[in-house]
Amino acid sequence: SLRAERCIALTGTPVENNIGDLWSVQEFLNPGFLGGVTRFKQEFFIPVQVQRDEAAMERLQRLTGPFILRRLKTDRAIIQDLPDKLEMKVYCPLTREQATLYAAVVQQAEAVLEGIEDSMGRRGLILSTLLRLKQVCNHPAQFLADHSPVPGRSGKLARLTEMLEEIQEADERTLIFTQFAEMGHLLQRYLQEHLAREVLFLHGGLSKTQRDRMVERFQNEPAGPPVFILSIKAGGTGLNLTRANHVFHFDRWWNPAVENQATDRAFRIGQSRQVEVHKFVCLGTVEERIDELIERKRSLAEKIVGSGEGWLTELSTTELKDLFRLRAKA
């Protein structure tokens with residue numbers, strides 16, 4: 001109902017959840033240009049999102065391309081002095097305890113999944129199972145929530161500790177992102193004791209004054225805390241943390257656009273060193289399978305304009321069982 005001669009949409013993530021996002025933006029800019037919701041779903045959404053139809057994807061790109069002006073900070077024609085970003089996967093094995101807990105969660109979920117008919121109940125079960133499996137992959141103490149000892153029980157934590165020791169020797173600074181507040185607290189306590197240095201943790205329970213003070217100390221104190229843990233929801237946007245040149249994603253978000261925004265706390269204008277991004281993945285688990293899915297979906301979405309998200313709850317029961325299954329290499 002807004003009347004205007006010109007309409008402009010400004011976004012860093014034109015496709016965040018699925019290509020339906022793109023329809024919403026185009027409908028605001030050029031009402032009717034991509035047809036109504038039903039027509040768009042038939043012509044583009046189902047062929048591109050579900051059937052992986054390259055021709056439909058190229059047709060959508062051709063239609064929307066003339067109305068999109070995209071600028072990337074990685075484009076040397078735009079910014080000449082931003083250093084490179086090096087992304088790498090860090091594959092971690094499970095400990096025996098983690099593997100036992102993981103297998104038990106999968107067994108329980110499969111038993112319930114077979115008998116569930118309600119679609120909302122099924123969706124809830126899938127999401128809660130994914131959540132529990134990610135907690136097991138992080139650390140048994142997070143999953144069990146029993147305040148039990150931390151050392152020697154998590155493949156991810158063992159690898160993180162090794163890498164942080166090397167980074168500390170080089171006198172460089174690090175950001176660690178996790179989506180779990182309880183994991184952030186667990187990491188903070190353990191790393192402070194192990195590294196014998198103060199470790200910051202920014203999460204949603206802090207005031208703006210507390211957050212600003214943490215950022216100020218990390219960025220500007222010469223002998224300030226070398227490790228900054230951040231909740232991906234509270235610290236994934238809006239912060240300038242270019243003092244760090246290492247970024248760890250301890251547990252993976254299902255949405256590459258969200259992960260990239262978090263990485264961009266360090267990889268932004270003002271950064272003078274190469275940024276190394278370490279994405280932790282537990283071998284032989286749902287994390288490795290979802291990582292493969294995300295890579296496929298990311299390439300699909302980026303051919304249009306943005307970054308996509310895996311539609312995990314839309315998978316069939318057979319596909320879900322394969323997704324959850326614990327493989328021997330774990």
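**Salt bridges, a histidine and a helix pair**

Glutamate 221 is partly exposed, with a relative accessible area of 24%; buried means under 20%, exposed over 50% and partly exposed in between (1.4 Å probe, protein chains only). This is a predicted model, in which local features need pLDDT of at least 70, side-chain atom pairs count only at pLDDT 80 or more, and totals for chains, interfaces and linings use all residues. Residues are numbered from 1 along each chain as its sequence is written, and side-chain values use heavy atoms, with hydrogens and water left out.

Q: Which residue meets the side chain of glutamate 221 in a salt bridge?
A: A salt bridge is a side-chain nitrogen of Lys or Arg within 4 Å of a carboxyl oxygen of Asp or Glu. Here the N to O distance is 3.2 Å.

Q: How many residues apart are arginine 289 and glutamate 292 in helix H12?
A: Their salt bridge has its closest N and O atoms 3.1 Å apart, and glutamate 292 is partly exposed at 37% relative accessibility. Helices are DSSP runs (H or I, at least four residues) and strands likewise (E, at least two), numbered from the N terminus. Within H12 (residues 286-302), about one turn of the helix separates the pair, that is, 3 residues.

Q: How many salt bridges does a search of the whole structure find?
A: One of them joins arginine 327 to aspartate 322 at 3.0 Å, N to O. A network of salt bridges links Lys85, Glu87, Lys89, Arg252, Glu259, Lys279 and Asp291. The search of the whole structure finds 18.

Q: Which side chain joins that of histidine 246 in a polar contact?
A: Histidine 246 lies in strand S5 (residues 244-249) and is buried at 5% relative accessibility. A polar contact is a pair of N or O atoms within 3.5 Å; within protein, one must be able to donate a hydrogen and the other to accept it, and residues adjacent in sequence count only if both atoms are side-chain atoms. At 2.8 Å, the partner of histidine 246 is glutamate 172.

Q: Are helices H4 and H5 roughly parallel or roughly antiparallel?
A: H4 (residues 96-115) and H5 (residues 119-138) pack at about 175°, with axes 9 Å apart. Axes are lines fitted to C-alpha atoms, for helices over the stretch in contact, and angles run from 0 to 180 degrees between N-to-C directions. Angles under 35 degrees count as roughly parallel, over 145 as roughly antiparallel, 65 to 115 as roughly perpendicular and the rest as oblique. H4 and H5 are therefore roughly antiparallel.
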